[in-house]
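Subject: Structure handover

Hello,

Here is the structure I said I would pass on. Please look at it first, then read the notes below it.

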Amino acid sequence: MTGDIILSSSGENPKTRQQKQNRYRMIVLFISIFLALVAWLYGYFSTGIDVLPFVSELLPGAVQIDVNSRLYIGYGEDGSVVGYAAVGEAPGYAGPIEILVGIDPDGKVIGAKLIQERESPGFFRLIEDADLIGQITGKPMSSNFRLGEDLDGVSGATLSAEGITSATREAIRLTAREGLDTPLPPEKKSIKFGIPEITLLLLYVAGYVGHKMRNRGLKKKIRLGMLFIGMVVLGFIYTAPFTISMVITFLSGYWPDWQNNLYWYLLIGGILFVTTVDAKNPYCSWFCPFGSFQELVSKITNARIYKPRKWRGAFAWLQRGLAFTAVLMGLALRNPGAAGYEPFATLFDLRGTIVQWVFLLIIIFSSLVMYRPFCNYLCPLDPVVDFIGECRRLIIEMRKKW
Amino acid sequence: MVKKSRLNLREMLLLIFVAVSVVLVGFQWGEALLGEEDNIPDYVRPTAAFEVDESLYDNWNQMDVTPTLHHQRTQEPKTTPTSSQ
């Protein structure tokens, strides 16, 4: 048989068919990149906030406002300064948060307005309940403006609340420095490195070592242990799984400060690193909290994976379509929080709308008859990892050619 | 024959699961984009297009606004606020 040309059932040479498929994949890859770029540019040029109306609300006695970069100085009818308003920016859960803080000439906060945010409404309901903006108002600018110190923490929306307080501090420092000419001491930034970061690093290392193991029994035990730790620590305790919002935040360029968001960098950087260098994705199969939960439910009935051959291609493209729509939507609207559709927060934080609860219940019931239904048919991360793998393959091929 | 019909039932259930899930994902996007205005605090700008509250502009347009340095954040207003605190 050596040297014979093996023809496929369609009568086509497999090599030619492979070449055709590669060409097709490359075209799809380039179209995807082009569309994402268009969405990114659209988002970049179409978002913008007019701040002045907010300034006039915060400084009601002002008849003239001087604009000095991010600082607004309000003058009264007699020409005296009636107050200052400054814009502060800090990363939130799903992108930058901008807050306008009004300060009177004596250095007291007279009001604050959230002028831009990307967070999901659920987080802001929690912030509203804690009356965080109300807590900021009335304090002297020398206050700490820190959660757990002079401001109450917001359980379940820590990142959003920290974004607001951090942006507030930035606005106040700007006013103190450039408006009141009484600079505040520089802000101390400590690196946040705790249980979630340590757990994540250990899981990455264990996942990397684990998938290279030859002893199948031990490998299975390690994997089950990791799945359990992932579900409990990254899921139920910290509610910090990898989401499509993180990918969109990353692509939008809303990179948070690393000192406070080391976990974000470890999660995104880790997945990028292992999928580009090792071409393996330990996250999904070894410690994804939601995947672990589905697997746990599947164990009740010993449900197996079900992927009928005739639908496999269509379902794969549907999953890619959902993920790609989420990315385009997030980039075009510059709203990563709105694009995500994973039911992670509903399960791990017991927080969600009726639709999200229905979605979660359907997935849980489906897990009784199918192995990881969300991961296999709907999760946007699988296509993201595929996409990275495809780019990696393309680069390797190009390097070989050149 | 029995085996075949069971397989078809599983297949049908799978198709229903995927179809219902896609519809629910669509609803979630709709919810997120349109926002739940009743539940959002007044200082939060929803993700949907904002309605123009012209009175705000009337007020500040009467003022004398002087950009003192290079940066002027206000270009053509793309979005306008509805909230008041």
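How many positive and negative side chains does chain A have, and how far apart do the centres of the two sets lie? Chain A has 41 positive and 34 negative side chains, and 21 Å separates the centres of the two sets. Please keep in mind that this is a predicted model.

Overall picture

The secondary structure of chain A consists of 17 helices and five strands. The C-alpha trace spans about 100 × 45 × 40 Å along its principal axes. Chain A has 402 residues, and 49% of them are buried. Its accessible surface is about 19300 Å², with 62% of that belonging to carbon and sulfur atoms. If you take the contacts between residues at least 6 apart in sequence, 64% of them join residues at least 24 apart.

Helix α8

What share of α8(A) is buried? Seven of its nine residues are, so this helix is mostly covered, given that buried means under 20% relative accessible area. The buried residues are A:Ile244, A:Ser245, A:Met246, A:Val247, A:Ile248, A:Thr249 and A:Ser252. They pack against five other helices of chain A, namely α1, α9, α12 (309-333), α13 (336-339) and α17 (381-401). After α8(A) comes A:Gly253, which has a positive phi near 90 degrees.

Helix α1, which is one of those packing partners, covers residues 14-46 and contains A:Ser32. A:Ser32 is buried, with a relative accessible area of 14%. Leaving out residues up to four places away in sequence, A:Ser32 touches A:Phe324 and A:Phe387.

Salt bridges

Side chains of opposite charge can pair when their charged atoms come close. In this model the count comes to 12 salt bridges over all chains.

A:Glu57 forms a salt bridge with A:Lys113, and their closest N and O atoms are 3.8 Å apart. This pair links distant parts of the chain: A:Glu57 is in helix α2 (residues 52-58), A:Lys113 is in strand β5 (residues 109-116), and 56 residues separate them.

A:Glu295 forms a salt bridge with A:Arg223, with the closest N and O atoms 2.9 Å apart. A:Glu295 lies in helix α11 (residues 289-301) and A:Arg223 in helix α7 (residues 216-237), so the pair ties together parts that are 72 residues apart in sequence. Both A:Glu295 and A:Arg223 are buried.

A:Glu178 forms a salt bridge with A:Arg177, where the closest N and O atoms are 3.7 Å apart. A:Glu178 counts as partly exposed at 38% relative accessibility, and A:Arg177 counts as partly exposed at 44%.

There is also a network of salt bridges that links A:Arg25, A:Glu390, A:Arg393 and A:Glu397.

Surface and loops

Which residues form a nonpolar patch on the surface? They are A:Ile191, A:Phe193, A:Ile198, A:Leu201, A:Leu202 and A:Trp258, and together they have about 580 Å² of accessible area. A:Trp258 sits in the loop between α8 (244-252) and α9 (262-278). With a relative accessible area of 43%, A:Trp258 is partly exposed.

A:Asp181 has a phi of about 60 degrees and is placed in the loop between α5 (158-179) and α6 (195-210). A:Arg372 has a phi of about 45 degrees and is placed in the loop between α15 (354-367) and α16 (373-377). Is each of them buried or exposed? A:Asp181 is exposed, with a relative accessible area of 64%, whereas A:Arg372 is buried, with a relative accessible area of 5%.

One more pair

A:Leu126 belongs to helix α3 (residues 121-130) and is partly exposed, with a relative accessible area of 24%. The C-alpha atoms of A:Leu126 and A:Val154 are separated by 6.7 Å, although these residues are 28 apart along the chain.

Regards

How values were computed. Residues are numbered from 1 along each chain as its sequence is written. Chains are lettered from A and ligands numbered from 1 in the order in which they are written. This is a predicted model: local features need pLDDT of at least 70, side-chain atom pairs count only at pLDDT 80 or more; totals for chains, interfaces and linings use all residues. Side-chain values use heavy atoms; hydrogens and water are left out. Helices (H or I, at least four residues) and strands (E, at least two) are DSSP runs, numbered from the N terminus. Buried means under 20% relative accessible area, exposed over 50%, partly exposed in between (1.4 Å probe, protein chains only). Contact means heavy atoms within 4.5 Å. Accessible areas come from the Shrake-Rupley method with a 1.4 Å probe; for residues, only the protein chains shown count as cover. Lys and Arg count as positive and Asp and Glu as negative; His and the chain ends are not counted. The place of a charge is taken as NZ of Lys, CZ of Arg, CG of Asp or CD of Glu. Patches are made of residues with over 30% relative accessible area and no salt bridge: like charges are joined within 9 Å, nonpolar side chains (Val, Leu, Ile, Met, Phe, Trp, Tyr) within 5 Å. A salt bridge is a side-chain nitrogen of Lys or Arg within 4 Å of a carboxyl oxygen of Asp or Glu.
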